[in-house]
Structures are given as C-alpha cells and as structure tokens.
Amino acid sequence: MTESYRHDGAPSEYPSAYPTTYPTTSPDGSGAAGAWPPPPAHPPHTPRHRRRLRGPAGLLAAVAVAAAAVGGGTAYAFQELTGGGAGGSGSQVNGTTVAASSKGTVAGVAEAVGSSIVEIKAAGSSGQSTGSGVIISEDGEVVTNNHVVSGASQVQVATSDGKTYSAEVVGTDSSKDLALIKVQGASGLKAASLGDSDRVAVGDDVVAIGSPAGLTGTVTSGIVSALDRDVTVSRDESQGGSGQGGGREWPFEYGGEQFNGETGERTTTYQAIQTDASLNPGNSGGALINMDGQIIGINSAMYSAGSSQGQSSDAGSVGLGFAIPVNDLKADLDTLRSGSQR
C-alpha cells in the first residue's frame, strides 16, 4: 500500500504547479531515499481573499479618505459663502449696484453707474450751456449744478441709451450751486446710489463720469486729493448761460485767485472735495463716485493751466477738480423738491 504525505507533513491548502504529495516508495519500488526530487523550497501560493489593513496603516488610510470628503465639502461651502461659486458672480455689493465680482474696479463702477449719468443741454436768453446730471429717482429726478441750468428757458436731457427728453427745472440753490430738474415722460430710469461724503478720506480711489465737450458717458479716475477746500462760484444768472458752452469753463475762485474768467460780484462759497480725476468743460453736474459705486460728490469746477487772473483757457484738466459733497445735496433735497428757487 502506498501512502502520500505533503512535504511538510501538513495538509495542503494552496493549489500549486508542483506536486505537493509524494509516494513513500521510489519509482523502482526500492523506497531508497533521494529517488524522488526534493519539493520546491517555497511553493507559490495565491491567497483566496485580500487581507484588510489593520493597525496604524489602516487607520491612516481611513482618515485620509474622510479628510478628502470633508475637504471637498468645506471648499464648496466656502465658495458659496464668499460668492466664489458659479452663482456668486451675479451678486451685488450690499447697498449698491456694483457686481461683487467687479468691486473695486473702474470698469465695474462705470458699468454699474454709467446709465445713471445724463447729458444736459440748457438754453436761455444769455446763451447755451452743456453739463451733466445724476439720476436720483426712477421717475426722472436729476441733480445737477445750478450754473448749468440757471436762467434756462429750455432744458434737454440725453440718457445713456441715446434717448432725449425735455426737462423742467424744479428747484435751485445757488448758495450750494445745486439744482433739481425733472425729466418729462420718462419712467424706469436707473437711479444712482447716494453715499456718505463724511466717510471719504484723502487718498480714496474715485471715478468721475460726465459729458465733457458733449462726449456722453466719459469715464475718468483718480483719487481724493484733499477735503474741505473753500471754492467760490458765481450766483449770477447771467453767468449760467455761457458757463459750459463753446468750450468755456465755469469760473470759480480759490485761494484768492479767479480761474476760468470773472466770478462776478455775487458769489457763494462751499467746501469741496478736491480730486485729480480729469474734469473738463461739460463735467459740471456729473458724478464723483467711490469704488463701491456710490455717489460721493457732484462735480462742479475744474482748473485749467493758464486760466487764472481772469484769462480763459482752452487747455484741458491738469488734475485739479472740485466736487460738492453728496451730504450737502442730501441735506438740500427736500428744499429743492419743494420748488425753492434760491
């Protein structure tokens, strides 16, 4: 009888290409040792199931997987909270019309506020004037400088979409060089956001939008150069008709000198915001805007080189412009709306 044993004396559980049992007798029946070749030292084996990682290695792998899942969720939540996701680009800076994605850029401010700025043409017995204005209500209230419409018998307003409307002067305040006009037959206009000029600081970035030389919607940029500058302008109606027409600038006085012509005998002084944003004839009544898209001033006067001592000049802006603080406008709005003519 022939008996078989595995080479290590234990039952075999792994399939192998090599024999794992051997007969107790040799092929010639002698049973002599060494008649059969020795078994392989390490018979190959394939485990039936992959063993799970245990101990520190397994724990680290599990933690890595969990961290990846949590990290992805956190990144998604952060994008949603900060507007960085796909839906964030359409959101706006709170209280303004500036898109959150373009906050702090000149292009963003121009896009948000440009449609709220209009060109104004006024005609009267003393001549014609061209200036700018700021829409402050959807039904057509527009703020501008008093000297743009002073003494005018006919006023026309051109909006950024190319439409032209007739307008009526509602109220004027020559002491602040402010006026309120009402566009006739217009609705759904885009009103600008009025800011807080008390929060303006020297060095703040600003944007100016207006219609210099009839170039509607012209955008320039700069900084706030100084605050509380005492600027003196004329209160005479006779000055208003020629103030911005034919390339002539509105005369004003600063530091004891007169610029852009004679201011006349009847004058008024207000404390202005000084800016180096380029202002040119036709910018009067337009907007000085902060980088959140809020109106902080109404542009009113600019200095041209060689225009002092009563000598008018056709030179452009040299970076010395002045704007009426918007808080002065807000304090005067009820009076202007009442129809006061001061």
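**Strands, pockets and cut-offs**

Guide: Strands β10 and β16 (294–304) each supply at least two residues to the lining of the second largest pocket. Strands here, like helices, are DSSP runs numbered from the N terminus (helices H or I with at least four residues, strands E with at least two). This is a predicted model, with residues numbered from 1 along each chain as its sequence is written. Local features need pLDDT of at least 70 and side-chain atom pairs 80 or more, while totals for chains, interfaces and linings use all residues, and side-chain values use heavy atoms, without hydrogens and water.

Visitor: What makes a place a pocket?

Guide: On a 1 Å grid over the protein atoms alone, probed at 1.4 Å, a pocket is an open set of points with protein on both sides within 12 Å along at least five of seven lines; its lining residues have an atom within 4 Å of a point.

Visitor: Which residues line the second largest pocket?

Guide: The lining includes Gly195, Asp196, Arg199 and Val200. Asp204, Asp205 and Val206 belong to the lining too, as do Asn290, Met291, Asp292, Gln294 and Ile296.

Visitor: How do you know that β10 is mostly covered?

Guide: Five of the six residues in β10 (residues 205–210) are buried. Buried means under 20% relative accessible area, exposed means over 50%, and partly exposed is in between (1.4 Å probe, protein chains only). Across the whole protein chain of 342 residues, buried residues make up 41%.

Visitor: Why is alanine 213 called exposed?

Guide: The relative accessible area of alanine 213 is 71%, so it is over the 50% cut-off and counts as exposed. Alanine 213 sits in the loop between β10 and β11. Its phi is near 55 degrees, a positive value in a residue other than glycine.

Visitor: Why is aspartate 228 called exposed?

Guide: Aspartate 228 has a relative accessible area of 53%, which is over 50%, so the word applies. This residue is in strand β11, and it has a positive phi of about 60 degrees although it is not a glycine.

Visitor: Why is serine 340 called buried?

Guide: Serine 340 has a relative accessible area of 18%; that is under 20%, so serine 340 is buried. It is found in the segment after α5 (326–337). Leaving out residues up to four places away in sequence, serine 340 touches Val170, Gly171, Thr172 and Thr335 (contact means heavy atoms within 4.5 Å).

Visitor: What is the bridge partner of isoleucine 181?

Guide: Isoleucine 181, in β8, has valine 142 as its bridge partner. β5 and β8 (residues 178–183) pair in the antiparallel sense over four bridges. Two bridges join β5 to β4 (residues 127–135), also antiparallel, and there isoleucine 135 stands opposite valine 142. The hairpin of β4 and β5 has five residues between the strands, and in it glycine 140 takes a positive phi near 110 degrees.

Visitor: How do you know that both faces of β5 are covered?

Guide: In β5 (residues 141–144), Glu141 and Val143 on one side are buried, and so are Val142 and Thr144 on the other.

Visitor: Which residues of helix α2 are buried?

Guide: In α2 (residues 106–113), they are Gly108, Val109, Ala112 and Val113. Seen down the axis of α2, these buried residues fall within an arc of 105 degrees, so they line one face of the helix. The arc is taken from the directions from helix axis to C-beta atoms. Ala107 and Glu111, on the other side of α2, are exposed.

Methods:
Pairing = 2+ DSSP bridges.
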